[in-house]
Amino acid sequence: MSPSPSSVTEVQIESHIFPPTVKPPGTAKSFFLGGAGERGLEIQGKFIKFTAIGVYLEDNVVPSLAVKWKGKSAEELNSIEFFRDIVSGPFEKFIQVTMILPLTGKQYSEKVVENCVAYWKAIGTYTDAEAKAIEKFIEVFNDETFPPGSSILFTQSPLGSLSIGFSKDGAFPETNVVIIENKQLSEAVLESIIGKHGVSPAAKQSLAARMSELLKESDENKAPKT
């Protein structure tokens, strides 16, 4: 059962609002907001927020995850295994990374690439195909700059492609800048946000709480009326 619009709410992080549903570049499909949170660092005793991250999911995520996770609390869903099932599940995901502080494309891509390559090498899955995909990924970001309010847009297909788009004015473009065909890279972006060493604990917490409610609603809607 698809999430009803009334049960999916917007999330505000600093001055940015993630709406309940969006249509990513290059698709006519709507995705709903699974969860959102900031990425930041403790600097000299103060938590500095760099980016706001929204994780949107295709409607069929609910029946897909319900098989294993229905009835679980937000605390139970805040687990490596649950987030891994979202990253690798047979449904599309859309990730919006919006700048709170300015960032260059080079700064962003280097950090993502560093984490990906270290992880792939550790598990022995870094091949020539990944090296080529990484080159392409870096190239896309090389000349970009992202002032506050601009966004990097990723669409992750379960078939193994990663579409990348940019929004500088708050509106989504109609098409993506590039599509990279590499399953490991396509999963790595979301994995780097909500995975074991994910950079946004707040997004993980939000995703677990909101998905727990949606899975509960879906189960209640299926229950026979007495």
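The model is predicted, so local features need pLDDT of at least 70 and side-chain atom pairs count only at pLDDT 80 or more, while totals for chains, interfaces and linings use all residues. Residues are numbered from 1 along each chain as its sequence is written, and side-chain values use heavy atoms, with hydrogens and water left out.

**Thr98**
- Thr98 lies in strand β6 (residues 93-99), strands being DSSP runs of E of at least two residues and helices runs of H or I of at least four, numbered from the N terminus.
- Thr98 is buried, with a relative accessible area of 2%, where buried means under 20% relative accessible area with a 1.4 Å probe and protein chains only.
- Leaving aside neighbours within four places in sequence, Thr98 is in contact (heavy atoms within 4.5 Å) with residues including Phe18, Phe50, Ala52 and Ser150.

**Helix α6**
- The 12 residues of α6 (residues 183-194) should span 16 Å at 1.5 Å a residue, and the end C-alpha atoms are 17 Å apart, which agrees; the expected span is 1.5 Å times one less than the number of residues.
- Helix α6 is mostly covered, 10 of its 12 residues being buried, among them Leu185, Ala188, Val189 and Ile193.

**Packing of α3 on α6**
- Helix α3 (residues 80-88) packs with α6 at an angle of about 155°, their axes 9 Å apart, where axes are lines fitted to C-alpha atoms over the stretch in contact and angles run from 0 to 180 degrees between N-to-C directions.
- The two helices, α3 and α6, are therefore roughly antiparallel, a label for angles over 145 degrees.
- The contact is made by Phe83, Arg84, Ile86, Val87 and Ser88 of α3 and by Glu187, Leu190, Glu191 and Ile194 of α6.

Key
Buried means under 20% relative accessible area, exposed over 50%, partly exposed in between (1.4 Å probe, protein chains only). Angles under 35 degrees count as roughly parallel, over 145 as roughly antiparallel, 65 to 115 as roughly perpendicular and the rest as oblique.
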